[in-house]
Each structure stands twice: as C-alpha cells, then as structure tokens.
Amino acid sequence: MGALICVLSACAATSGTNPGPRSEVFSGDQLVQSDINRLETLAMRDNLDSLQRLLEKLYRRNPAQWRKAGFTDLNSALAQGNARILLGEVPPELDGLRDIEVLSVAMDPRYPGDRVAAFVLGMANMIIAAHGGKTRFHVTDSVNATHVFNAARNLEVAAWMLASRRDAEGRPLLLSNQLGEGVANLSFEREFGRMVARLDLVAELQDESMRRIGINYVQGLLFFNFLPVR
C-alpha cells in the first residue's frame, strides 16, 4: 500500500507552488480507516487542493469575475471560495442546482454571475457527490467506482469547455491556458490532468478491492485456512 500512496502523491507533484508528496497529521479517525480509505482520503484532499489552485489561477487571469461577486480584493474572494470548495458548496445564486448542473450553467455564455466561482465550485460539488458526499472515508463507507470514474470523465469535459467555450464576440468565456508569442502556460491543463489521474486511480483500486473480497473468500474455502491459536 505504501507504493500506492507514493503513486498517488506523485500525481500531485509539480515544479511550482505545489508542495509535492506530503503526509497527514495523525487523527483519531485514521484508526477506523483501511488502506483504501486512506488513499481515498488523500486523493480527495489533493483534488480539493488542486481546485483551490485553479480558483486562484482563474481569478488572477479573470479579475472581472470576482468583482462581479462584490469583492473588493482578490484575497477576500479566495478566502470565501476556498472555504466553499472544502464544503462542496455551490454559489448562493445557484442554490438548488448541483454538480454537473452548476458546471453547465457556469459555462453558459448567458450566465451573468461570477463564472470562476460557479465553474470551480461546481467541480468540487461534483467530485464530492461522486464519493457519496464525503471527503474523509472509513471502513463503514462505500465509494462507487463507477461514479468516481464518471467524475473523472466529467473533469475532462470541463477542461475542454474551459479551453473552447466563447461568447458571442468569439472571446473565451474564461482565460486559462496561454500559447503564442513566446509564452506557453499550460498549468491549467496540467492541474486537470492530475485530478483526472487521481480519480481514475481511486476508481480502479475501489473496483479491484471489491473484486478481491470475493476472491479472498473463495481462496479461504479452497485452502481451508486455519485460524491462529497463539
């Protein structure tokens, strides 16, 4: 399992502000976490971190968006946005919508609100929903591998929408990756790639863990495993 944690951490490593592989301070709930629970928890933590980085990157490239929400400075917008990411909350004006509904509205050219907040918070709400509404996982929890796999595909669609959606004048709805004139900024694309990789890994391992439960049971019957007495 240690090797798997290293693989997961490697997905988060970057050559910039990302701190790279990191452990988590011990907490009491870790006593009721299996190996797969720990991986799911760390993957969720790192994906929410990625969304917080995307929020800041998009706000810096699109300052008009946080001003739409009535903020007077970037730090205030980030403080509120980051708190909502961790809770899986959607923007107040979109209350009643959820996950992919919020994403669809965020990338609709007619949407007049803070498009950055709607886009990023929609992704956070979608990822958490795919994990059963949880951000930390324990032995009594069950994560649906298909839902997590679908969330990864939704992120791929969201990345495509971010790069391609334009308004009536042909301008990008949100500025993100930048190419041309000697400038190449693909940090948005890389952040999406990391999140997709983590979700795919969790989906595959969750699916494999359920399959192994059945195999291990059959093996126990075949080989008549004795129970230890000392």
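Helices (H or I, at least four residues) are DSSP runs numbered from the N terminus.

This is a predicted model, in which local features need pLDDT of at least 70 and side-chain atom pairs count only at pLDDT 80 or more, while totals for chains, interfaces and linings use all residues. Residues are numbered from 1 along each chain as its sequence is written, and side-chain values use heavy atoms, with hydrogens and water left out.

**Helix H4**

H4 spans residues 74–87, 14 residues in total. From its first C-alpha to its last it reaches 20 Å, close to the expected 20 Å at 1.5 Å a residue; the expected span is 1.5 Å times one less than the number of residues. Its buried residues (under 20% relative accessible area, 1.4 Å probe, protein chains only) are Leu74, Ala77, Leu78, Gly81, Arg84 and Ile85. Seen down the axis of H4, these fall within an arc of 135°, so they line one face of the helix. The arc is that of the directions from the helix axis to the C-beta atoms. An α-helix has 3.6 residues a turn, so residues three or four places apart point the same way. Asn75 and Leu87 are exposed (over 50%) and sit on the face of H4 turned away from its buried side.

At the N-terminal end, Asp73 caps H4, with a side-chain oxygen 3.2 Å from the backbone nitrogen of Asn75. After H4 comes Gly88, which has a positive phi near 70°.

**Rings**

One aromatic pair is present in the structure. The ring centres of Phe119 and Phe192 are 6.4 Å apart and the planes stand at 55°, so the pair is tilted. Rings of Phe, Tyr and Trp (its six-membered ring) pair if their centres lie within 6.5 Å; planes under 30 degrees apart count as stacked, over 60 as edge-to-face and the rest as tilted. Phe119 lies in helix H6 and Phe192 in helix H8 (residues 187–223), so the pair ties together parts 73 residues apart in sequence. Both Phe119 and Phe192 are buried.

Charges over rings are listed below; NZ of Lys or CZ of Arg must be within 6 Å of the ring centre and within 35 degrees of the ring normal.

| Charged residue | Ring | Distance from ring centre |
|---|---|---|
| Arg67 | Trp66 | 4.7 Å |
| Arg153 | Phe149 | 4.5 Å |

**Asp99**

Asp99 is in helix H5 (residues 99–106). Its phi is positive, near 30°.

Technical notes: Helix = DSSP H or I, 4+ residues; strand = E, 2+ residues; numbered from the N terminus. Polar contact = N/O pair within 3.5 Å; in protein donor to acceptor, adjacent residues only side chain to side chain.
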